[in-house]
Amino acid sequence: MTADMPQANDSDDTPTSDDSLPAAGKAKGASDAAAAGTTGDHGCIRLPELVDFTVCEDLAARIGAARHSALEVDAEKVTFLGTLGLQLLLSAHAQWQRDKAEFTVSNPSSGFLDGLKELGVSDSVFDS
């Protein structure tokens with residue numbers, strides 16, 4: 001090793017992998033990602049309470065897997081709708097329209113509707 005290369009810190013307080021996240025944050029993100037899964041009903045995805053960047057990768061994969069078939073997105077449990085989550089849903093809605101497939105958002109919670117309003121989007125955006 002050369003003198004100007006940083007030395008590894010062997011102390012116990014150095015974060016490794018995803019240990020830099022608080023345990024509560026990891027547990028919450030993990031439970032949200034699991035909640036974003038499909039239900040027993042075919043073509044239905046239940047959104048988690050927090051639709052933020054932490055669940056979007058998993059949610060995008062699940063939405064993509066349902067492409068070319070009718071899809072219902074259940075928003076009943078949403079307490080927070082973030083910008084990236086909304087962008088993902090708007091993009092999916094537009095793709096389903098291009099594919100001439102049915103895309104519906106059902107049971108929008110007050111948190112989901114508040115998120116739409118805060119982001120300047122009409123609550124009828126998914127009606128078409």
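Lys-100 is exposed, with 77% of its relative area accessible. The residue lies in the loop between α3 (83-98) and β5, in a model that is predicted. Its backbone is also of note: the phi of Lys-100 is near 55°, a positive value in a residue other than glycine. Most residues other than glycine have a negative phi. A second case is Asn-107, which is not a glycine either but has a positive phi of about 50°. Asn-107 is placed in the loop between β5 and α4.

The overall make-up of the chain is considered next. Four helices and five strands are present, and from the N terminus on they follow the order α-β-β-α-β-β-α-β-α. The chain has 128 residues, of which 32% count as buried. Its accessible surface comes to about 8,000 Å², and carbon and sulfur atoms account for 53% of that surface. Among contacts in the chain with a separation of 6 or more, 68% are between residues 24 or more positions apart.

Helix α2 can be described in more detail. This helix spans residues 53-65 and has 13 residues. From its first C-alpha to its last, α2 reaches 19 Å, close to the 18 Å expected at 1.5 Å a residue. The helix also has a kink of about 25°, centred on Leu-59. Leu-59 is one of the buried residues of α2, together with Val-55, Cys-56 and Ile-63.

For Cys-56, in α2, the relative accessible area is 7%, and Cys-44 has a relative accessibility of 4%. Both values place these residues in the buried class, because that class lies under 20%.

A pair of aromatic rings is described by the distance of the centres and the angle of the planes. The structure holds three aromatic pairs. In one of them, the ring centres of Trp-96 and Phe-103 are 5.8 Å apart and the planes stand at 65°. This pair is therefore edge-to-face, because an angle over 60 degrees falls in that class. Trp-96 is buried at 2% relative accessibility, and Phe-103 is buried with a relative accessible area of 4%.

Phe-103 also pairs with Phe-126. Here the centres are 6.3 Å apart and the planes are at 35°, and the pair is tilted. The two residues belong to distant parts of the chain, 23 residues apart. Phe-103 is in strand β5 (residues 103-106), whereas Phe-126 is in the segment after α4 (110-118). Like Phe-103, Phe-126 is buried. Taken together, ring pairs link Trp-96, Phe-103, Phe-112 and Phe-126 into a cluster.

Conventions. Residues are numbered from 1 along each chain as its sequence is written. This is a predicted model: local features need pLDDT of at least 70, side-chain atom pairs count only at pLDDT 80 or more; totals for chains, interfaces and linings use all residues. Side-chain values use heavy atoms; hydrogens and water are left out. Buried means under 20% relative accessible area, exposed over 50%, partly exposed in between (1.4 Å probe, protein chains only). The expected span of a helix is 1.5 Å times one less than its number of residues. The bend at a residue is the angle between axes fitted to the seven residues ending there and the seven starting there. Contact means heavy atoms within 4.5 Å. Accessible areas come from the Shrake-Rupley method with a 1.4 Å probe; for residues, only the protein chains shown count as cover. Rings of Phe, Tyr and Trp (its six-membered ring) pair if their centres lie within 6.5 Å; planes under 30 degrees apart count as stacked, over 60 as edge-to-face and the rest as tilted.
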